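This report covers helix packing, a metal site and backbone angles. The sequence and structure come next.

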Amino acid sequence: MVENIGMHTSSNIHVREFVEKYSALCQPDQVVRCDGSEEEKQRLTQEAVTKGILTPLNAEKLPGCYYHRSNPNDVARVEQCTFICTPGPEEAGPTNNWADPREMTTKLHAMLEGSMRGRTMYVVPYLMGPAGSPLTKVGIEITDSIYVVLNMRIMARMGRVALDQLGTSDDFNRGIHSTLDCNPDRRFICHFPQTNTIISVGSGYGGNVLLGKKCLALRIGSWLGEHQGWMAEHMLILCVESPEGEKTYVAAAFPSACGKTNFAMMIAPDAFAGWKITTVGDDIAWLWPDANGQLRAINPENGYFGVAPGTNFASNPNAMRTIERDTIYTNVALLPDGDVWWEGKDGPPPANATDWQGRPWTPESKEKAAHPNSRFTAPMLNNPSLASEAGDAAGVPISAIIFGGRRATTMPLVFQAFNWTHGVYLGATMGSEMTAAAAGTVGQVRRDPMAMLPFCGYHMADYFNHWLSIRRKLIDPPRIFHVNWFRKNAAGEYLWPGFGENFRVLKWIVDRCRGRGKARETQVGWMPRYSEFDWRGLDFTREQWDELNKFDRAEWQRELLWQDELLLKLHDRLPKELIFQRELLISRL
Ligand code: OXD
Ligand code: MN
């Protein structure tokens, strides 16, 4: 006998049928329908503590914060277990794993059968996007993980607000998650765009199970965007405000764990008194051309799921303040006084800690105390630099789009595309060294178009075409830029200080968008001269600048060959504009 707890059974018949279907299949002991209330948060948190899923942290240092350790086999997104299930493989394209929707559903349903016996099934209604925005989507996630519920509560607008927006409609994403036995061999993250459904089994890791984030807001979202005329992108959104109060909105796509959160929360160097950067979003942007031909964007999320290692008061003071309260920490190290620690946190390493796997740790230990992909989940409202527009249903007008990767060689600090089509080519051919955010070989350069390789829910060449088609709806398209904070010298040292100093790059970008900044035409795009950068307060010589921006023909030739690997994969659907851009680049080189 299934017991029902929580809010009234939803009056939406489609939600009811969905929940009944999966409770009959998964056979939980009880079904808890979440309403997003404070009382519910307290109750579920207490239950998670009692069950040992969460550990309360030091209430003075970190009020309202909790600690969670995942299964050591389950610490990152797993691209090899992630599938796009469309009627034919050509819709998913060569950059996605494809499975037949019927066969995959049968297989997953067999795994789900009875999977929640002895467990609770939580029903989590949520919104991606501010209530009332034209792009906002409703999702209902069914999960057997209380950790997922408490994280979803931070990352999305959760509970009654979503059911209110849904009304009697059938238009919602159906998400089903069961941790099963957390066995990597029984781990599948599957997307069914045609039926707006996601089924995720065998994992408890954020990117695999907080279904509103990567699964709905990016993979299903990108598919919906192509059909509905908008774009779901792996981009932060920030606002640059000048001392005169001029606001410029910028969106930027960097691959996972390449500093989107740091860039989105950046503070201008002291010398730039009066300049302010505020955060609209740190990971995902939904963009659409409005009726006036202006590209607008919302951040569909409500919180930050950020990488902890490397976060400190120098690299990201706003993040440090954001995660001082009401935050869930996953796989960081735990200190004896109930504080948390990770590599790259301020101050010296602690004398003693418990590492992310629960083992004693000292500075002499060979292994890292925190997992390199350890995370914080924190409410957006905690961010001291949150933009006042972050929750605006109408979104913000975007003036610049930035693409960037982690590249030790070849790529200069910043250059501007000649036009939108060239910018799409820059995004499409983006490369980056792999990070710990996904299982794989850290450090290897791979093509990651628009930082969407793991997140584009359909054929990548059709996605490029969609980008090109959006241009036709824009009257004054955003300017497009490419940046690289990670170039190194022969000794392996970074050539650019990065972090807050990236403001100088941002300022040049804003000036370019506003028709004020100067640049010179180069083989690769418009580049700033040393004299065109604002150097107040920083000692950076012309020689350093020249090394940072050196053009090496041999490296660019190799770059072109690397780009071909991806372009060849997509050859049968590749838009001719991108082929022409490649030819133009070759002739300029
Ligand atoms: C993320 C990711 O968690 O990109 O944002 O992996
Ligand atoms: Mn991301």
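## Helix packing

Angles between axes count as roughly parallel under 35 degrees, roughly antiparallel over 145, roughly perpendicular from 65 to 115, and oblique for the rest. Axes are lines fitted to C-alpha atoms, for helices over the stretch in contact, and angles run from 0 to 180 degrees between N-to-C directions. Helices (H or I, at least four residues) and strands (E, at least two) are DSSP runs numbered from the N terminus. This is a predicted model, in which local features need pLDDT of at least 70 and side-chain atom pairs count only at pLDDT 80 or more, while totals for chains, interfaces and linings use all residues. Residues are numbered from 1 along each chain as its sequence is written, chains are lettered from A and ligands numbered from 1 in the order in which they are written, and side-chain values use heavy atoms, without hydrogens and water.

Helix 11 (residues 420-428) packs on helix 16 with the axes 9 Å apart and an angle of about 90°; the two helices are therefore roughly perpendicular. Thr421, His422, Val424, Tyr425 and Ala428 of helix 11 meet Glu577, Leu578, Gln581, Arg582, Leu585 and Arg588 of helix 16, where contact means heavy atoms within 4.5 Å.

The axes of helix 15 (residues 553-569) and helix 16 (residues 576-588) cross at roughly 165° and come within 11 Å. Helix 15 and helix 16 are therefore roughly antiparallel. On the side of helix 15 the contact is made by Trp556, Leu560, Asp564 and Leu567, and on that of helix 16 by Arg582, Leu585 and Ile586.

## Manganese site

The manganese ion (ligand 2) has Lys214 (NZ), His234 (NE2) and Asp283 (OD) as its protein donors, lying 2.2 Å from it. Donors are N, O and S atoms within 2.8 Å of the metal (3.2 Å for Na, K and Ca); water is not among the atoms, so sites may look incomplete. Along the chain the donors follow the spacing K-x19-H-x48-D.

His234 lies in the loop between strand 13 (231-233) and strand 14 (236-241), and Asp283 in the loop between strand 16 (276-281) and strand 17 (285-289), so the pair ties together parts 49 residues apart in sequence.

## Positive phi angles

Most residues other than glycine have a negative phi. Leu180 has a positive phi near 50° and sits in the loop between strand 10 (173-178) and strand 11 (188-192). Leu180 is buried at 7% relative accessibility.

Asn331 has a positive phi of about 65°. Asn331 is located in the loop between strand 20 (328-330) and strand 21 (333-334), and is buried with a relative accessible area of 4%.

Definitions and conventions. Buried means under 20% relative accessible area, exposed over 50%, partly exposed in between (1.4 Å probe, protein chains only).
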